[in-house]
Amino acid sequence: MMRNPKDLTRYDAQERANHWLVGICFILLALSGLAFFHPAFFPLTQLFGGGVWARILHPFIGVVMTLAFVVMFFRFKSLNVMTPADKEWLSRVGEMIDGDDHNMPEQGKYNGGQKMMFWIMSLCVLLLFVSGIFLWRAYFSLPVDVVRLGAVVHAAVAAFMIGMTMVHIYAALWVRGTVRAMVYGTVTRAWAKQHHRAWYRQVTGKS
Amino acid sequence: MALQSLDIARRSATTTPAPGVRQTTEVAKLIDVSTCIGCKACQAACMEWNDIRDEVGICSGVYDNPADLTAKSWTVMRFAEVEEKGKLEWLIRKDGCMHCADPGCLKACPAPGAIIQYANGIVDFHQENCIGCGYCITGCPFNIPRISQEDNKAYKCSLCSDRVAVGQAPACAKACPTGAIQFGSKEQMKDYAAKRIVDLKSRGYEKAGLYDPAGVGGTHVMYVLHHADRPELYKGLPNDPSISPLVSLWKGFAKPLASVAMAAVALGSLFHFVMKGPNEVSKELEDELEKEDAK
């Protein structure tokens with residue numbers, strides 16, 4: 001596909017690399033973590049060289065993801081502050097999901113849903129990191145009640161975050177022309193005007 | 001090998017029935033704390049039969065030696081000095097796996113076949129399937145399993161499952177010089193305990209009783225205690241042990257619920273796509289921008 005020089009840059013190379021580092025880590029963590037959660041998923045440990053290797057690798061991948069996520073958090077934090085327009089958008093998200101986004105309120109670089117996703121994911125990573133430390137017996141030894149609580153929190157938050165990630169991925173696939181923003185950094189002007197009109201006006205100076 | 005066996009009651013991280021065509025008698029080890037003299041012959045017999053030698057430690061100032069269970073010490077004598085009715089009592093309890101009927105370790109274990117419960121009640125670790133995560137420690141109400149620092153596998157008392165399988169008593173029971181460790185069918189052991197309790201009561205221990213806690217479905221290692229109303233006197237033997245509700249939530253209810261929820265999100269997304277179609281950029285907007293470019 002030829003790219004139009006008039007396309008708008010949405011993510012620079014560093015932002016994209018940062019996002020995909022988090023994304024790859026998350027997929028590896030979800031696959032290995034599910035294996036320890038339910039026997040039905042245990043065969044996924046074969047992707048990591050067996051159960052023992054999955055157990056060894058999972059926490060280290062978790063540390064890499066947390067570090068990469070913290071960098072991403074500070075990159076995008078200021079762009080994700082909730083505004084009244086976001087709340088208005090969120091209250092009418094049903095129309096959007098129903099497939100009719102023409103009357104949705106004008107949005108900046110991120111809409112209310114994306115901002116919600118940003119804060120939910122940030123909270124999830126924080127909880128997973130802390131509870132994950134509780135479970136990392138190779139290096140940490142905590143009282144058994146703390147470990148038990150950590151196990152419940154880790155499993156519940158992880159399952160929730162896997163669900164949220166599926167929503168995140170689906171939203172990107174569903175809204176056509178979105179995935180390319182995270183793959184080669186640009187979006188078409190029409191895409192920007194339709195989905196993020198305030199951002200479109202801000203970067204193009206047009207109405 | 002567990003899978004060659006025909007009498008498995010439960011297998012960790014396995015959702016289908018284990019091979020269990022053969023039914024065997026439920027066995028139990030009875031530890032009569034009131035006749036234990038603390039000689040540690042059971043500890044020596046355990047390391048000898050199982051062929052494990054712990055590091056030689058240091059004396060910590062009390063008789064407990066080693067001070068705690070380890071991956072290489074599957075049983076330890078715990079010595080408690082308590083004062084009852086103005087008299088010193090030296091309560092000596094042989095600690096080790098209780099072989100619960102409802103084992104928290106097995107419930108928590110994520111590795112298929114790493115923990116096996118035989119029909120005779122023995123809960124056995126199969127280290128070749130162990131991944132070293134330590135969830136068994138998280139699940140155990142008695143703080144028994146230990147992860148080896150050398151191979152990262154979990155170890156604990158096997159109730160000499162290899163000996164029991166060929167009709168022998170566990171090594172500790174065989175070695176005990178006072179008969180404080182008895183081994184037989186669970187029913188026999190209960191009968192034996194009842195006689196001991198009658199005897200203890202006649203000697204002034206009104207609260208003597210059997211420790212076979214119902215919270216874990218009963219155990220296949222039971223104690224005769226002089227003070228059965230206060231098991232915590234015996235170096236913290238839990239009063240009413242059960243699998244922690246957090247562990248039950250984590251490895252019970254949450255497992256199917258979360259799996260179904262995740263599948264629902266994935267399927268929901270797919271059906272949303274096929275029913276509502278993609279959210280395309282409107283042709284009007286694209287044409288409008290093209291016209292602007294042409295100007």
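Q: Quick one before we start: when are two residues "in contact" here?
A: Two residues are in contact if their C-beta atoms, placed from the backbone, lie within 7 Å.

Q: OK, so which share of the contacts in chain A joins residues 24 or more positions apart?
A: Taking contacts with a separation of 6 or more, 61% of those in chain A are between residues 24 or more positions apart. Keep in mind that this is a predicted model.

Q: Then what pLDDT does chain A average?
A: The average for chain A is 95, and 99% of the residues score at least 70. Helix α2 (residues 51-76) of chain A has the highest confidence, at 98, while helix α4 (residues 93-97) of chain A has the lowest, at a mean of 91.

Q: And what is the mean for chain B?
A: Chain B has a mean pLDDT of 94, with 99% of its residues at 70 or more. For the complex, the predictor gives an ipTM of 0.91 and a pTM of 0.93.

Q: How many helices and strands does chain A have?
A: Nine helices and two strands. Along the sequence they come in the pattern β-α-α-α-α-α-α-α-β-α-α. The C-alpha atoms of chain A fill a box of roughly 60 × 35 × 30 Å along the principal axes.

Q: What part of chain A is buried?
A: Chain A has 207 residues, and 29% of them count as buried.

Q: Back to α2(A). At what angle does it pack against α5(A)?
A: The angle between α2(A) and helix α5 (residues 112-135) of chain A is about 145°, and their axes are 10 Å apart. The crossing of α2(A) past α5(A) is left-handed.

Q: Which residues meet there?
A: From α2(A) you have A:Pro59, A:Gly62, A:Thr66, A:Phe69, A:Phe73 and A:Phe76. They meet A:Phe118, A:Ser122, A:Val125, A:Phe129 and A:Gly132 of α5(A). By class, that contact has seven nonpolar, four polar and no charged residues.

Q: Switching topic: how many residues of chain B are in contact with chain A?
A: On the chain B side 38 residues, in contact with 36 residues of chain A. Two helices of chain B, α7 (245-276) and α8 (283-294), each supply at least two residues of the side that touches chain A. Of the elements there, α7(B) gives the most, with 15 residues. The side of chain B that touches chain A divides into 22 nonpolar, twelve polar and four charged residues.

Q: Tell me about α7(B), then. Where does it kink?
A: At B:Ala254, by about 55°, shortly before the proline B:Pro256. Then, just after α7(B), B:Gly277 has a positive phi of about 80°.

Q: Which residues of α7(B) are buried, and what covers them?
A: The buried ones are B:Val247, B:Trp250, B:Lys251, B:Ala258 and B:Met262. Their cover includes α6 (144-174) of chain A, along with α2 (104-108) and α3 (135-139) of chain B.

Q: Where is B:Asp51, and why is it called exposed?
A: B:Asp51 is in the loop between α1 and β3 of chain B. It counts as exposed because it has 6 C-beta neighbours inside 10 Å, and the cut-off for exposed is 12 or fewer.

Q: And where is B:Asn152?
A: In the loop between β7 (146-147) and β8 (154-155) of chain B. B:Asn152 has 19 C-beta neighbours inside 10 Å, so it counts as partly exposed.

Q: What kind of peptide bond joins B:Asn65 and B:Pro66?
A: A cis one, with omega about 0°. B:Pro66 lies in the loop between α1 (41-50) and β3 (76-84) of chain B. Most peptide bonds are trans.

Q: Last one, B:Pro213: why is it called buried?
A: Because B:Pro213 has 23 C-beta neighbours inside 10 Å, and buried takes 20 or more. B:Pro213 is in the loop between β10 (209-211) and β11 (221-225) of chain B.

Q: What is B:Pro213 in contact with?
A: Setting aside neighbours within four places in sequence, B:Pro213 is in contact with B:Thr219, B:Asp240 and B:Pro241. There's also B:Asn239, 26 residues from B:Pro213 along the chain, and their C-alpha atoms are separated by 8.3 Å.

How values were computed: Residues are numbered from 1 along each chain as its sequence is written. Chains are lettered from A and ligands numbered from 1 in the order in which they are written. This is a predicted model: local features need pLDDT of at least 70, side-chain atom pairs count only at pLDDT 80 or more; totals for chains, interfaces and linings use all residues. Helices (H or I, at least four residues) and strands (E, at least two) are DSSP runs, numbered from the N terminus. Ala, Val, Leu, Ile, Met, Phe, Trp, Tyr, Cys and Pro count as nonpolar, Asp, Glu, Lys and Arg as charged, and the others, Gly among them, as polar. pLDDT is the predictor's confidence in each residue, from 0 to 100. The bend at a residue is the angle between axes fitted to the seven residues ending there and the seven starting there. Axes are lines fitted to C-alpha atoms, for helices over the stretch in contact, and angles run from 0 to 180 degrees between N-to-C directions. A crossing is left-handed if the near helix is turned anticlockwise from the far one by less than a right angle, and right-handed if clockwise.
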